[in-house]
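Please open the structure in your viewer and keep the selection panel at hand.

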Amino acid sequence: MTTVNPTVETPIRTLDLPRPTHAAGALTTTLGVARRTVLRNVRNPQVFILGMVQGAMFLLIFRYVFGGAITTNGVRYVDFLVPGFVGTGVLFSGMTASIGAAGDLEEGFFDRLRSLPVPRVAIAAGRVLADTVLATIGLTVTTLVGFAMGFRTSAPLGGLLLAVALCVFAAFAFTWLFVLLGLIAGNPQAAQSLGLLVFPFTFVSSAFVPVESMPGWMQAFARNQPLTQIVSAVRAFTLGDDAQRVLGHSAGYFATRSLVWCALFIVVFAPLAARRYQRG
Amino acid sequence: MPPILEAHGLTKRFKTTQALDGLDLTAERGQVTAILGPNGAGKTTFIRMVATLLLPDEGTLTVAGIDAIKEPDRVRRAIGLAGQSAAVEGAMSGRENLELVGRLFGHDARQAKASANVVLDLLGLTESADRLVRTYSGGMRRKLDLGASLVGAPELLLLDEPTTGLDPRSRNDLWDAIRDLVAAGTDVLLTTQYLDEADQLAARIAIIDHGKVIADGTPDELKSLAGIDVVQVHVADPADLDRAIAALAPLGCEAPRVDRPTRSIAVPVEKGSAQLLEAVRALDAIDLPVSDIGLRRATLDEVFLSLTGRPAEAEPDPGANGSAAPTDRSRRRRRAAA
């Protein structure tokens with residue numbers, strides 16, 4: 001019944017290559033996957049730079065078009081706006097992460113990775129790490145554009161670094177949710193549509209206008225949603241002495257709330273996202 | 001040594017579709033085994049199971065003697081997967097892609113570099129190695145994808161429709177690369193919906209339909225499986241086609257297959273040359289001129305059609321308008337094949 005080939009008894013080594021004796025470690029895998037995803041973005045400068053230009057354009061529009069009509073409790077609008085922009089950048093980077101993860105799934109890149117002897121969770125972690133790096137690049141650029149547009153801070157360097165660290169951590173935490181959404185969506189187009197969910201969160205927040213200017217029912221949401229906590233924390237760090245008067249609470253108050261939100265995101269969504277990489 | 005692949009009673013259900021329905025298959029070492037079947041037959045589900053991407057609902061599966069359900073990580077060290085969509089990164093060079101996969105196989109940087117060089121050389125991609133993959137042609141991408149599945153020196157190479165969507169030249173190129181690998185001793189399990197691909201590459205073909213193996217053997221065994229020969233008639237005048245079909249239909253064990261552009265009629269018959277004579281007499285009796293008539297063995301294409309009730313390369317749902325047809329088989333229309 002079976003066709004026996006004479007080569008059966010003496011297995012010829014396919015190619016003159018070493019056969020893997022042990023799986024790649026979690027760290028190697030995470031870094032390898034992350035490097036590829038960062039390169040994929042950085043080596044597509046059209047898309048990457050366009051994203052930055054778009055961000056800068058919105059910053060200009062808010063600063064010079066809407067800014068004049070918005071009063072912000074004695075703080076210059078540009079000083080109010082830039083922390084808001086940096087904070088919302090976390091969500092917009094998340095949207096890109098979601099589309100990227102959906103693309104990896106659709107193109108078969110995840111299948112290739114999952115067929116390799118590597119830890120499943122490291123495949124997810126690599127994606128998230130890369131998206132965190134990309135978000136960090138994005139927020140650095142936004143901050144620099146902000147300074148160019150007249151943003152100034154009297155805060156000590158330590159406070160600024162804490163603000164940046166908080167944003168990077170928030171980007172990491174939120175990306176787990178966005179990667180999960182991308183994997184559920186299954187293809188980049190669907191992920192992009194799903195990504196529109198970020199708009200209510202970015203605009204119904206304290207990012208661009210003071211929450212007090214919204215109708216009461218909306219304020220309840222705007223005041224308590226996670227993005228407002230992050231934006232307020234960044235603002236509190238950069239406003240320095242004015243912070244307590246303008247925001248009503250200290251930087252520590254908002255930072256703690258932000259960290260709790262981030263922790264919650266990681267605890268809930270990281271396992272759900274990682275589970276998507278297991279065998280179906 | 002155990003067979004490279006042994007599957008027993010594999011089942012898998014996705015919501016409303018039964019993708020695998022008790023699939024049994026044994027693939028021996030030292031050869032290419034092709035899984036042939038129409039779209040939706042369960043080919044991809046099966047190969048994804050072998051690649052440890054999917055768990056079966058029931059059944060057993062061993063790859064290179066390793067239980068794929070209990071020890072997926074050991075199986076992953078023994079296989080290489082190249083998929084339908086070439087899963088290589090366009091924003092990295094060919095070399096970078098291979099080195100990445102090498103690292104993920106647990107090679108250190110130096111080994112990964114060396115393996116990438118060997119694979120690039122083997123596939124004739126050395127010259128393009130440092131170009132970004134997005135500048136590659138479709139055929140080159142597939143080759144690189146094949147290469148990526150080789151850097152771990154797999155015992156079993158899994159190719160899921162390796163040439164789907166490629167132009168004929170790239171296809172031949174890839175076939176050559178696969179043949180070289182086989183000659184060097186790699187075992188290959190490939191899925192395809194192209195009969196000629198299975199015929200060209202595989203020592204053993206398993207035809208699957210509705211999630212089961214419905215026939216299994218060497219290409220020659222399969223061709224004589226149904227015990228069917230074919231009387232092939234070319235009529236001289238296209239206007240005579242319908243008369244000729246009417247005259248020949250009673251001889252066949254299945255409905256004749258007609259290709260109008262070439263004026264040819266293929267009648268599957270069970271008694272070989274005796275029925276060739278009958279066909280000649282039948283056409284002579286109605287005084288119908290033919291330009292050619294002869295008896296030949298069934299092609300793999302025709303065997304496939306006999307077994308599955310539909311052509312291999314056509315879209316699903318073959319008999320949507322066959323209300324008056326008495327049997328499924330008589331509804332079939334042969335696809336005008338090139």
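The tour takes each chain in turn and ends where the two chains touch, and what you see on the screen is a predicted model.

**Stop 1: chain A as a whole.** If you colour the chain by burial, 45% of its 280 residues count as buried. Among the contacts in chain A with a separation of 6 or more, 82% are between residues 24 or more positions apart.

**Stop 2: a pair of helices in chain A.** Now select residues 120–148 of chain A, which are helix H5, together with residues 157–185, which are helix H6; these two pack at an angle of about 135°, and their axes are 9 Å apart. Because of that angle, H5(A) and H6(A) are described as oblique to each other, and their crossing is right-handed. To see the contact itself, show side chains on both helices: H5(A) contributes residues including Ala124(A), Val128(A) and Leu139(A), while H6(A) contributes residues including Cys167(A), Phe172(A) and Trp176(A). By class, the residues of this contact divide into 10 nonpolar, 3 polar and 2 charged.

**Stop 3: chain B as a whole.** Switch to chain B, where the secondary structure comes to 12 helices and 14 strands. The C-alpha trace of chain B spans about 80 × 45 × 35 Å along its principal axes, and 49% of the 338 residues in this chain are buried.

**Stop 4: the sheet that includes strand S1 of chain B.** Select the 4 strands that form an open sheet in the order S2-S1-S4-S5 of chain B, with antiparallel pairing. Strand S2 (17–27) and strand S5 (66–67) of chain B stand at the edges with a single partner strand each, so one side of each has no neighbour in the sheet. Strand S1 (residues 5–14) of chain B is joined to S2(B) by 8 bridges, and if you label Leu10(B), you can look for Leu23(B) opposite to it in S2(B).

**Stop 5: another sheet in chain B.** Which order do the strands take here? This open sheet of 4 strands is arranged S12-S13-S11-S14 in chain B, with antiparallel pairing. Its edge strands are strand S12 (257–259) and strand S14 (290–297) of chain B, and the twist from one strand to the next averages 15°. Strand S11 (residues 229–235) of chain B pairs with S14(B) over 7 bridges in the antiparallel sense, and Val235(B) stands opposite Val290(B) in S14(B). Helix H10 (residues 273–285) of chain B lies across S11, strand S13 (264–269) and S14 of chain B, and runs at about 165° to S14(B).

**Stop 6: where the chains touch.** Finally, display both chains together: 45 residues of chain B are in contact with 39 residues of chain A. On the chain B side, helix H2 (72–78), strand S6 (79–82), helix H3 (94–104) and helix H4 (109–122) each supply at least two residues. Coloured by class, that side of chain B has 23 nonpolar, 14 polar and 8 charged residues.

Note on methods. Residues numbered from 1 in each chain as written. Chains lettered and ligands numbered in written order. Predicted model: local features only at pLDDT ≥ 70, side-chain atom pairs only at ≥ 80, totals over all residues. Contact = placed C-beta atoms within 7 Å. Nonpolar A, V, L, I, M, F, W, Y, C, P; charged D, E, K, R; others polar. Axes fitted to C-alpha atoms, helices over the stretch in contact; angles between N-to-C directions. Parallel < 35°, antiparallel > 145°, perpendicular 65-115°, else oblique. Left-handed = near helix turned anticlockwise from the far one by under 90°. Pairing = 2+ DSSP bridges. Buried ≥ 20, exposed ≤ 12 C-beta atoms within 10 Å, placed from the backbone.
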